[in-house]
Amino acid sequence: MPLLEASRLEHLKMLEAESIFILREAAAEFAHPVMLYSIGKDSSVMLRLAQKAFYPGKIPFPLLHIDTNYKFPEMIEFRDWYARHVGAELIVHKNQKALDEGANPYDLGTQKCCGLLKTRSLLDGLAEGGFDAAFGGARRDEEKSRAKERVYSFRDSLGQWDPKNQRPELWNLYNGRHHKGESIRVFPLSNWTEFDVWLYIHAEKIPIVPLYFAKEREVVVRGNSILVLQTGVHLLPGEKPQMVKCRMRSLGCVPCTGAIRSDADTVPKIIEEMISFRRSERENRVIDHDEEGSMELKKREGYF
Amino acid sequence: MATTPVEPTPETKSGIPKPVSAGTLLRFSTAGSVDDGKSTLIGRLLYDSQAVLEDQLASVKKSKINRAAGPIDFSLLTDGLRAEREQGITIDVAYRYFSTPRRKFIIADTPGHEQYTRNMATGSSTADASVVLVDATKGVLRQSRRHAYIAHLLGVQHIIAAVNKMDLVGFSQDVFERIVAEFQQFASQLGIRNVYAVPVSALEGDNVVRGSKRMPWFSGPALLEYLEQLPASGASPDAPLRFPVQYVIRPDASFRGFAGQVASGTLHAGQSVVALPSKVKTRIRSIVAFENEPLSAAPGDSVTVTLEDEIDISRGDILAGEEQLPSVGTALQAMIVWMHHEPLDPHKIYLLKHTARTVRARIHQIRYRVDINTLEQLPSKKLDMNDIAKVDVKTTLPLFFDPYRLNRTTGSFIVIDPLTNVTVGAGIIEGAIEEQQQASQRRHSTREERVLRFGHPSGAVWLKGRPHVAELLERRLFDEGWHVQLAGPNDFLAHELVTVAKAYQLSGHITIFSPLDDGTDQKRVVRAIYGPDAFFAVKIDDDTDEEATERIMKVLRKWRDKQSDSQKENS
């Protein structure tokens, strides 16, 4: 019995066709594109779209994962398996220098830590590979400053975004021209919402990291956050671990990604849960809440 | 942490509640400025259809910047950039998403002020419908007219006039009807046939998502109800096939697939198609897909096809239905929206991206500029940012195009500055310019034709004893798109000067003569060949190379502009 009727998937077909168009356009126009692969659900969808776009050929660009060293072990395991399964080339980049010098979120705070282990690392990884275009799975509905992001987002030679000076983007005529050293971030999922992503994962049976599914996990409850205990999460004085049935709504680094209480252990249950939900998915990400407009500031500096 | 209760929703057998997402996608644009309630209207649509999430609402409530407009300031939900929140204005196009049980919506939310015409055009370029806001307390202002005009120009199929702030006019039917009549009259001038007008109060929610008890005299659907049942325009499947080839897939020698998105018409195995520019006829062998190979493809589908015959096709080519081919040509007429603070330069070579093809082009003539407030057609020599004009375009390589009103994909292009790489304009194709082309194929090119293509007549710069300036000047002019060459002291013998100068003069180039000294005679001879109007003897005192070059370029630009103006007057 089909869970979702064909008529309900009509808009997914339109989104899929648009994303495939964007992937092909960028693959044709750039000399060295790369796909930023973050292991999350959006990356999984983007990867499936790339498989479709170039079938029966292989995906004509490598995947790049920026590994902060603070990711959940389940994510790394999934990443290595899935890249092999899809038959894509996988590049893993770490800011080894910062890690060797002891960079961590507890001592540096989330902003500095993100700056070093994500943004800096990303820019270095892109420069090292000589990539002139990078696909990212960001969606415009994720956060306010992303609503004005272009599908082709121009970055200067330092990888910075200038929100007030973006190229106009009309029809599906994307302008990817750039000088040496400059680059374009390409967002094929711009027009998808979180809900669309889940519907598509369901309809296409796309594999995702098990952390998205609810199960009993050992956690510590801190303020409004539920932090899954993993190597690296430091208990504060007076905190006690407890077992909570929970799941991740979006995946990030262990110390900065909270879980939500949930019984949803299948994709349909997650979809059902979302409908009764009234909180946005990045709400459990500590980094977005540092100050108002913090995502915009990070993006200006080169973050996705 | 408790979740806000949502209205109970009917459940399907599978346990997935009915609302949220369904059917097709509808893209609509809005335009407006600070005080006409646009942000409030969008905020209301998002809030009432529950696309505004609790934590976003919380962050609006705790925002430091406050424009205080009732309990919830909806506009803070929609203005995404820091600068916008601080200044209380909408600068850029923002995209918003929400779903109802019937369909998914994408709103292109644009500022309404004249200085943001280009943003309105951007938002309209992909829209199926436009919601034009009219302030009930003010009537149909320029802003509403402007938005309707731009939406219509960009081919938006459905125009909806949302007469807002009905709460401030006592929900008066008379006021509404007077405004609608005024709007209809303006719309019919533009050739807009269907306008749906709806009286709303965005602030209080009347006729936005649900009908209004306070306006029993209005029986039409509320704004959202109307948008829910609109057909998404899209290209017609009945139109002739246009399949621009985006990417060639060749995993091995045995497979060659052509990937692209169907712009119009349909594709199916066995269908006859013509490849352009080669004009070779072939048939579709199959439509290839990752799984479940489709039997046919409709407009908007991204597919990969294989062909019966091995023919040479690459990115930028197009597969077309043989019953009606697109126009093929290098001369076309278009409406253009200029988008950059650097004005259009009719002499400059731009890049033009049209489907998957990028060619060099000149926008060499401005027929008229449109005053977007009065719709008057005004003569104009230049185009500034946000100007809309009818222009003649000449490309170096042929395009395969249709008029925009028939096909949004093959009828549109963007203009890119080749030096800065910035998108500077957007073009809406009206049709081919044919007259001169055929005649010119029969005889050799004339001086006038060369001037048209080069952007300037032939001329001579006499620059004695400063070889570095000569070289720098040549490079700068070349980079600016001039047809220029350098004639240095070693390039010919003294007695050849007359022959050489005559040949150079005929070629239409700008020639920089760079002798070691003035044989007075030589200078006089060259001056006689070019005539005094096209001969520039440059005296350089102690200017630096850079200063001297800049000074000469200024003189040449001025001369060129004067020439092209007088040519226009003659024609």
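Reader: What links Glu16(A), Arg48(A), Lys52(A) and Glu204(A)?

Author: These four residues are joined in a network of salt bridges. A salt bridge here is a side-chain nitrogen of Lys or Arg within 4 Å of a carboxyl oxygen of Asp or Glu. This is a predicted model, in which local features need pLDDT of at least 70, side-chain atom pairs count only at pLDDT 80 or more, and totals for chains, interfaces and linings use all residues, while side-chain values use heavy atoms, with hydrogens and water left out. Residues are numbered from 1 along each chain as its sequence is written, and chains are lettered from A and ligands numbered from 1 in the order in which they are written.

Reader: How many salt bridges does this rule give over all chains?

Author: The count comes to 46.

Reader: What makes Asp42(A) and Arg139(A) a salt bridge?

Author: Their closest N and O atoms are 2.7 Å apart, and that value falls within the cut-off, so the pair qualifies. Asp42(A) lies in helix 2 (residues 41-54) of chain A and Arg139(A) in the loop between strand 4 (133-135) and strand 5 (152-155) of chain A, so the pair ties together parts that are 97 residues apart in sequence. Helices (H or I, at least four residues) and strands (E, at least two) are DSSP runs, numbered from the N terminus.

Reader: How do you know that Glu142(A) and Arg146(A) form a salt bridge too?

Author: Here the closest N and O atoms are 3.7 Å apart, so this pair passes the cut-off as well.

Reader: And what about Asp109(B) and Lys38(B): how far apart are the closest N and O atoms?

Author: The distance is 2.7 Å, and the two form a salt bridge. This pair links distant parts of the chain, with Asp109(B) in strand 3 (residues 104-111) of chain B and Lys38(B) in helix 1 (residues 38-48) of chain B, 71 residues apart.

Reader: Are Asp109(B) and Lys38(B) buried or exposed?

Author: Buried means under 20% relative accessible area, exposed over 50%, partly exposed in between (1.4 Å probe, protein chains only). Asp109(B) has 0% relative accessibility, so it counts as buried, and Lys38(B), with a relative accessible area of 2%, is buried too. Helix 1 of chain B is mostly covered, with 10 of its 11 residues buried.

Reader: Why is the pair of helix 1 and helix 2 of chain A given an orientation label, and which one?

Author: Two packed helices are described by the angle between their axes and the distance between the axes. The axes of helix 1 (residues 10-29) of chain A and helix 2 of chain A come within 9 Å and cross at roughly 70°. Axes are lines fitted to C-alpha atoms, for helices over the stretch in contact, with angles from 0 to 180 degrees between N-to-C directions. Angles under 35 degrees count as roughly parallel, over 145 as roughly antiparallel, 65 to 115 as roughly perpendicular and the rest as oblique. The two helices are therefore roughly perpendicular to each other.

Reader: Which residues touch Phe258(B), leaving out those up to four places away in sequence?

Author: Among them are Phe243(B), Val245(B), Tyr247(B), Leu307(B) and Ile313(B), where contact means heavy atoms within 4.5 Å. Phe258(B) sits in strand 9 (residues 257-261) of chain B, and at 2% relative accessibility Phe258(B) counts as buried.
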